[in-house]
Amino acid sequence: MAAMQKAIDLVTKATEQDKLKNYEEALKLYEHGVQYFLHSLKYEASSEKAKESIRAKSTDYLERAEQLREFLKKKKKKPVREGAASNRKSNKGGWNDESSSDEEEDTELKKMERQLEDAIVENPNVKWSDVAGLEGAKEALKEAVIMPVKFPHLFTGKRKPWRGILLFGPPGTGKSYLAKAIATEAESTFISVSSADIIHKWLGESEKKLRSLFAVARRKKPSIIFIDEVDSLCSSRSDNDSESARRVKTEILIQMQGVGVDNDQILVLGATNIPWCLDAAVRRRFEKRIYIPLPEAPARTTMFKMNMGKTTSTLTEQEYRELGERSEGYSGADISIVVQDALMMPVRKVQSATHFRRVPGPSRDDPSVIMHDLLEPCSPGCPGAMEMLWMDVPGDKLKEPAVTFNDLTRALHNTKPSVNIDDLDKQRQFTEDFGQEG
């Protein structure tokens with residue numbers, strides 16, 4: 001409980017300095033103390049009751065720190081010259097709080113906007129053709145994203161483009177990959193963020209970041225805001241929510257609704273693996289909800305080919321199709337892991353080999369030149385087998401063993417699907433209740 005004791009000592013000193021009106025010192029101590037409280041919450045608190053107590057204390061001290069910060073900011077503001085802006089309200093000390101506060105808010109927003117510039121994705125270089133399967137989802141996204149930009153005259157009057165689209169489905173099915181394809185194909189500013197980009201430890205900062213996010217999108221429209229793992233920001237509201245979490249959800253609702261601002265040509269694209277955890281009001285803001293399912297056999301066949309790339313292999317078209325049939329229940333991410341495991345099989349063959357033989361093969365420097373002294377691993381009984389280890393093989397003389405169908409079937413057997421039946425049932429139920437098939 002070292003962190004907890006340190007936190008208590010710091011906030012005790014902070015309270016003392018607060019009473020003595022040494023506000024700058026008190027602010028530092030409050031902030032430092034809260035950091036130790038959070039460390040204790042993460043690593044030391046064992047019971048839920050203890051965690052709740054730490055959360056409550058942290059919130060109280062954060063609120064006091066925020067009050068002190070605001071007070072110190074106002075204290076540093078310059079007085080308004082006599083006669084200047086006389087039609088504005090000013091306090092007894094002669095400070096124009098309203099004007100200064102607006103200017104400071106603008107400065108902070110601009111600072112956060114500059115930070116969010118890093119979230120703008122210029123060109124991920126992922127095309128529709130790179131996404132295997134998901135034809136229904138691709139067509140729905142073209143209708144929602146590409147067509148309004150290409151044919152804006154189609155979307156006038158009562159026919160309006162979608163303002164919010166939710167991509168949901170099991171993990172590893174290509175939701176984020178689809179978003180990258182949209183970024184490449186759409187002639188729009190694409191801003192990709194996650195909860196880590198938004199959530200801030202200080203009270204009120206998360207809401208400011210959200211406002212800045214939408215401000216950047218409005219300034220650079222047409223634009224798409226992609227929020228990955230949107231459930232981490234917008235889970236269902238409950239009595240156990242902290243004040244900060246409630247304020248973030250409220251701010252998201254306000255920004256997506258666009259009350260008093262122009263949200264035309266701005267699309268919010270969300271992705272989640274657990275759509276049933278989304279807050280109902282936030283779910284309603286995502287007007288179109290598209291289910292991204294596990295890939296079908298033809299798509300899985302294509303994924304095996306795409307992940308193999310140009311790696312040397314002996315696989316035939318029929319063997320690829322067989323792998324697609326055998327991998328029922330595997331996601332795109334699962335297939336990527338299977339192929340990665342299979343690609344390591346030749347490396348393991350080289351590492352475990354006790355004999356090598358000389359074979360012809362193309363030169364690594366010039367593939368048009370055939371060399372006749374390359375070495376490949378073999379069994380001890382092979383004609384021309386020489387007893388040697390991989391460490392004895394010159395680096396430029398090793399011939400890469402080809403990946404075989406047996407390598408992939410062994411890797412498929414060793415790698416189990418990451419999505420279970422219970423999760424799939426929940427996804428299908430959500431689709432029946434609120435979504436549409438992709």
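A residue counts as buried under 20% relative accessible area, as exposed over 50%, and as partly exposed in between (1.4 Å probe, protein chains only). Helices (H or I, at least four residues) and strands (E, at least two) are DSSP runs, numbered from the N terminus. The model is predicted: local features need pLDDT of at least 70, side-chain atom pairs count only at pLDDT 80 or more, and totals for chains, interfaces and linings use all residues. Residues are numbered from 1 along each chain as its sequence is written, and side-chain values use heavy atoms, with hydrogens and water left out.

**Exercise 1.** Determine which residues of helix H11 are buried and which helices they pack against.

Solution. Begin with the extent of the helix: H11 covers residues 297-308, 12 residues in total, and reaches 17 Å from its first C-alpha to its last. This is close to the 16 Å expected at 1.5 Å a residue, where the expected span is 1.5 Å times one less than the number of residues. Next, list the buried positions: Ala-297, Ala-299, Arg-300, Thr-301, Met-303, Phe-304 and Met-308. Then find their partners by contact (heavy atoms within 4.5 Å): the buried residues of H11 pack against H12, helix H13 (332-343) and H15. Finally, inspect the residue just after H11, where Gly-309 takes a positive phi of about 60°.

**Exercise 2.** Describe how helices H12 and H15 are placed relative to each other.

Solution. Two packed helices are described by the angle between their axes and the distance between the axes. Axes are lines fitted to C-alpha atoms, for helices over the stretch in contact, and angles run from 0 to 180 degrees between N-to-C directions. The axes of H12 (residues 317-326) and H15 (residues 405-414) come within 11 Å and cross at roughly 5°. H12 is therefore roughly parallel to H15, a class that covers angles under 35 degrees. Turning to the residues, Glu-319, Glu-322, Leu-323 and Arg-326 of H12 meet Phe-405, Leu-408, Thr-409 and Leu-412 of H15. The residues of this contact comprise four nonpolar, one polar and three charged; Ala, Val, Leu, Ile, Met, Phe, Trp, Tyr, Cys and Pro count as nonpolar, Asp, Glu, Lys and Arg as charged, and the others, Gly among them, as polar.

**Exercise 3.** Which residues other than glycine have a positive phi, and are they buried or partly exposed?

Solution. Leu-134 has phi near 55° and lies in the loop between strand E1 (120-121) and helix H5 (135-150). Its relative accessibility is 15%, so Leu-134 counts as buried. Glu-229 has phi near 50° and lies in the loop between E4 and helix H9 (243-257). With a relative accessible area of 35%, Glu-229 is partly exposed.

How values were computed:
Parallel < 35°, antiparallel > 145°, perpendicular 65-115°, else oblique.
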